[in-house]
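I opened my notebook with a few things to look up here. Have the model on screen and follow along with me.

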Amino acid sequence: MALYKINPFLFILCCSFQLISSQPWDYPTANLSTTWVNSVSAPHSVDFSDRSTVRAILLRGTFGPRYACGFYCNGNCESYIFAIFIVQTNSISLITMPAIGFPQVVWSANRNNPVKINSTLQLTAQGDLVLRDADGTLAWSTNSTGKSVAGLNLTDEGNLVLFDSKNATVWQSFDHPTDSLVPGQKLVPGMKLTASVSTTNWTKGGLFSFSATNDGLVAFVESNPPQTYFEKSIGGLNTSGGSNYVMYLNGSLALLSNSSDSNNPRTLISIPPASSAQYMKLESDGHLKVYEWQSRWNEVNDLLTGFNGECYYPMICGRYGICSRGQCSCPKSSSNSTSYFRQIDDRQGNLGCAEVTRLTCNALNNHRFLELQDVDYFTFTADIKNTDMNACKDACLRNCSCKAALFRSGLNSSTGDCYLPSEIYSLANNEKEKTRYNSYAFVKVQVEAEPAAAKEKKRVSGVVLGSVIGLAILGILIAIAVFIIWKKRKANEDEENYLDHVPGMPTRFSYDDLKAATENFTKKLGRGGFGSVFEGCLEDGTKIAVKCLDGVGQVKKSFLAEVETIGSIHHVNLVQLIGFCAEKSHRLLVYEFMSNGSLEKWIYHGKQELTLDWNCRRKIIQDIAKGLAYLHEECRQKILHLDIKPPNILLDEKHNAKLSDFGLAKLIDRNQSQVMTMMRGTPGYLAPEWLSGAITEKVDVYSFGIVILEILSGRRHFEASESEEQQVMLNLFKKKAEEGQLVDLIDKHSEDMQLYKEEVIKTMQIAAWCLQRDYTKRPSMSMVVKAMEGVLDVEKSLDYSFNPQTVSVIPNITFAHSTPLLPSVLSGPR
């Protein structure tokens, strides 16, 4: 099959090729309505000795290393990416030197979604560049339909450009960098390079990113929060208010300004001047390396290896590994022979160390510190300044998410700064002659609980000893205890000691602290069924959301449920509980501030400026699924949320979704298949089995299915303004499924959603799987995560008879639109 099909005009042009001696040999442009097929018989297809294959569709220039774009594979060639690569060419633009001129990929469109043989790339008549797999599934698109695109051009700089009739750029690959930069390419603030998972797995999703800021460059680990391992900035540039950017120049990565000072580049990182083709790539190990063609491809510089050397790369020795002069070892105790860590692979120390006993928030009394003197860390962001070592360790012990207390001080000082990271990567031996500071790492470890036999022996001994000396003072103790209890109840009858049995408690605030942080509770964000939510700011500048619980009986249960549930767990897709207040009759919960508010603000409105695109909605659905999978399957006890709905799903500034409002949560032991409980939750999201009272984690799966449909359709589960047959979404979903018209349910306010209709419909099928009447046929949330990632197929024989609730069968419920909520609402109405 031919690689591409072209219009008659271009066909005549090709036939006349040999008759015009000045006609160029390269093929750098394409017109609309052109299709290329990833076929084994395609022209410009070359196999290389490193087992890679390219099928070029555009190539710019002749003789030497030149940019081309097309289909690329590396290895067994079962999957391909559409990429821009540098190849060696001869004087008639044929790709040569398959033994040493291996293609160097500098950009790719679909590294997270590779395609197979016989996939197609099409520049449509409407101006959209679309990549489809062999079965027609959409893999990638420029989303440029209707933007007056006239053609496609691969420039001399390696930039793939869609241009209009005036030769203006409509879309360009330089605006969407992957893991590489080429000379002449810009990085503006907000753009970043993201490393692949490994040298053999090119999927985006590696640990490392490299991005531009308004005054320089930063490289960091994609943790939560990110951990920086390289930073370079220049102050004072462009004080007039214009924006700055970083450009790859010959000899440097330089900071430039869009203002009148744009002709004065400031060098951030020096690079060996290029004598031939050159590019830089963020490798999967975090190194930013420069490569140049010098009769073969050679590494000419490693840009981020700073003063402290290789040991200060975050994964040089894997997680928890200690690097010393390039050698890796695991943390060991200097005071006893107990081993808290073991090497993952004895023959490959750089793979890191695993905990012998996994650290868990469910047994805080068994947390200890492994002290490592003269051990440093690649980054240090002081959480507490001007403190001492003991205060640093105490702060880490009180914070369940803290994995180590890192303490730095001057060479002759006992006072220093404290850093409390929530994730630990590679540690390094502190060479004080270089760093000029003292450094200690107190790594948090889990010790084994005391054996039951030893506990019993101690208990019996204690009973005997207590019998001897206890009787003499028993009467006095009883009298004192009775007096204290009576006095306490009389002074404050409504205060109870709820928190004695709560494991892993977060920071405890006083009521006056939170009153000051919220400016006397003046900035109200919203109101939930158990109380109001206020915006606040702690003394260190941290923005918070404070939920003030009202009432007595039910609020006490809600307060205990929420502190016990979310206070002892930590996950990127759960809203972080920073602290609480339990002072007299006051019950308050302190959460991280979520600047984009609740999900319902973004999906029910129909406003164009708030409409989410498909990739954002898919990411939100995946985030919710991962949060629920953690609650159901990764905690010591299963945690049932029991109130999954858009108001209880909050979005941060990057639209990452996090579950909130655990006031109705239920903890059950893992050996329990069901639990009896009173009906709780929100009508419309309740699974059918609530009527029996025996529930499992599958009630959350059902609610999640409803939420998926609301996200994809942009409407509520019940719309009173619609006609009777359209009011209840599940009825409509069943009808459209039977008609084979699920596409009618896709949010009509989003053109982007219409473009990805095949993927949206697949996600609707996942929702149907979650909504099965028989809860045993619903998937687990970990299965949902795999289905969303495309590694697990959805159950084929789905029952679309959902038996949904209607308004008439829900007593004493009025469906109405929720009151519009300001950003960072912690909990919506129940």
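Ground rules first: I take helices (H or I, at least four residues) and strands (E, at least two) as DSSP runs, numbered from the N terminus. This is a predicted model, where local features need pLDDT of at least 70 and side-chain atom pairs count only at pLDDT 80 or more, while totals for chains, interfaces and linings use all residues. Residues are numbered from 1 along each chain as its sequence is written, and side-chain values use heavy atoms, with hydrogens and water left out.

**Entry: Lys547**

I looked up Lys547 and found its place in strand S41, residues 543-549. An unreviewed UniProt entry puts a "binding site" annotation on Lys547; positions follow the numbering used here, feature names are shortened, and such annotations may be inferred rather than shown by experiment. Is Lys547 buried or exposed? Lys547 is buried, because its relative accessible area is 2%; the cut-offs are under 20% for buried, over 50% for exposed and partly exposed in between, with a 1.4 Å probe and protein chains only.

**Entry: strand S22**

Next I went to S22 (residues 252-257), where 6 of the 6 residues are buried, so the strand is largely enclosed by the rest of the structure. I checked both faces: Ser252, Ala254 and Leu256 are buried on one side, and Leu253, Leu255 and Ser257 on the other.

**Entry: Met788**

Met788 sits in helix H14, residues 781-788. I noted Met788 as buried because its relative accessible area is 10%. What does Met788 touch, leaving aside residues up to four places away in sequence? Arg618, Ile621, Gln622, Thr763 and Ile766, with contact meaning heavy atoms within 4.5 Å. For Gln622 I also noted 166 residues of sequence separation from Met788, against 6.6 Å from C-alpha to C-alpha.

**Entry: the cores**

I count as a nonpolar core a set of buried Ala, Val, Leu, Ile, Met, Phe, Trp, Tyr and Cys residues joined through side-chain atoms within 4.5 Å. The largest has 70 residues, and Ile624, Phe704 and Phe733 touch the most other members. Another core, of 55 residues, lies apart from it and includes Met191 and Val290.
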